[in-house]
Amino acid sequence: MMSDLLKKQFDAVAQSYDLQRRPLIPCFDDFYSTATAWVNVDKNSPRILDIGAGTGLFSAYVQQKYPEAQLTLIDISEEMLKGARTRFGEDPNVQYISGDFATYCFDGQPYDAVISSLAIHHLTHEDKSRLFHTIHTLLTDGGIFVNADQVAGTSDYFDKRYKEQWEHTISQSELSNEVIVSAIERRKLDRNATIEDQLNWLYEAGFAEADCIYKYNEFAVFFAQK
């Protein structure tokens, strides 16, 4: 379950979130281009669910690849979804769900792909594992799950080094001190899990294939196929 504090923090930064995201992710271009490249479906108009969609950035990249995709965006922050509504305008192929993706009861037709970026790491490890099971049930046979997210290092040593490098990089960016302090404060709520644990949870959920296909410090992209 997503916390009320987390929702408030993302509500507060919703209007400037897209402008901040690139300098806050040192590997932004590789991170999102890799994730988008692995969203491959054999349909012109695939059904795609974006979990923790925020302002719809990942969905927008996928829509460029599949212009006729039927997109469903879910996020706990209505303020963030307002950004997505602005991004996609009146596009009838984009639908929105304001709710907690960790507990939401999805229904209807299965999805060809489920995508997510920088959202699932906010959950407890138990909720991550449970969500992976839910995603597996939501997918068609052969459906795929692409998750671009933060991960824990293999030890406290690496977590500390990742944090130090990230804080140094953003301190050299054009971001204001206020924004940097706010970003560091938000990350105190992160619950990163290791790559090994997440791959185990994906296989336990029933996925036939799963791997980490990209990693830069704590930023990683996972791919899994049902």
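**Charged and aromatic contacts in the predicted model**

Phe 158 is partly exposed, with a relative accessible area of 34%. Partly exposed lies between buried (under 20% relative accessible area) and exposed (over 50%), for a 1.4 Å probe and protein chains only. The model is predicted: local features need pLDDT of at least 70, side-chain atom pairs count only at pLDDT 80 or more, and totals for chains, interfaces and linings use all residues. Residues are numbered from 1 along each chain as its sequence is written, and side-chain values use heavy atoms, with hydrogens and water left out.

The ring of Phe 158 pairs with that of Tyr 157. Their centres are 5.1 Å apart and their planes stand at 85°, so the pair is edge-to-face. Rings of Phe, Tyr and Trp (its six-membered ring) pair if their centres lie within 6.5 Å; planes under 30 degrees apart count as stacked, over 60 as edge-to-face and the rest as tilted. Eleven aromatic pairs occur in the structure. One of them joins Phe 31 and Phe 219, with centres 5.8 Å apart and planes at 75°, so this pair is also edge-to-face. Phe 31 belongs to helix α3 (residues 28–37) and Phe 219 to strand β7. Helices (H or I, at least four residues) and strands (E, at least two) are DSSP runs, numbered from the N terminus. Phe 31 is buried, at 0% relative accessible area. Phe 219 is buried too, at 3%. Both rings belong to a cluster, which ring pairs build from Phe 28, Phe 31, Tyr 32, Phe 58, Tyr 61 and Phe 219.

Charged contacts come next. Side chains of opposite charge can pair when their charged atoms come close. The whole structure contains ten salt bridges. Each is a side-chain nitrogen of Lys or Arg within 4 Å of a carboxyl oxygen of Asp or Glu. Glu 167 and Lys 163 form one of them, at 2.7 Å from N to O. Both residues lie in helix α7 (residues 156–171), four residues apart, about one turn of the helix. An α-helix has 3.6 residues a turn, so residues three or four places apart point the same way. Glu 167 is partly exposed at 24%, and Lys 163 is partly exposed at 48%.

Asp 190 is buried, at 18%. Arg 187 sits in the loop between α8 (177–186) and α9 (195–204), and Glu 218 in the loop between β6 (209–216) and β7 (219–225), so the pair ties together parts that are 31 residues apart in sequence. Glu 218 is buried, at 4%. Elsewhere, salt bridges with shared partners join Glu 126, Asp 127 and Arg 130 into one network.

Charges also meet rings. A charge sits over a ring if NZ of Lys or CZ of Arg is within 6 Å of the ring centre and within 35 degrees of the ring normal. The charged end of Arg 187 lies over the ring of Trp 166, 4.3 Å from its centre. Arg 47 lies over the face of Tyr 111, 4.6 Å from the ring centre.

Helix α8 has a buried side. Val 179, Ile 180, Ala 183 and Arg 186 are buried there. Seen down the helix axis, the buried residues of α8 fall within an arc of 125°, so they line one face. The arc is that of the directions from the helix axis to the C-beta atoms. The face turned away carries the exposed residues Asn 177 and Glu 178.
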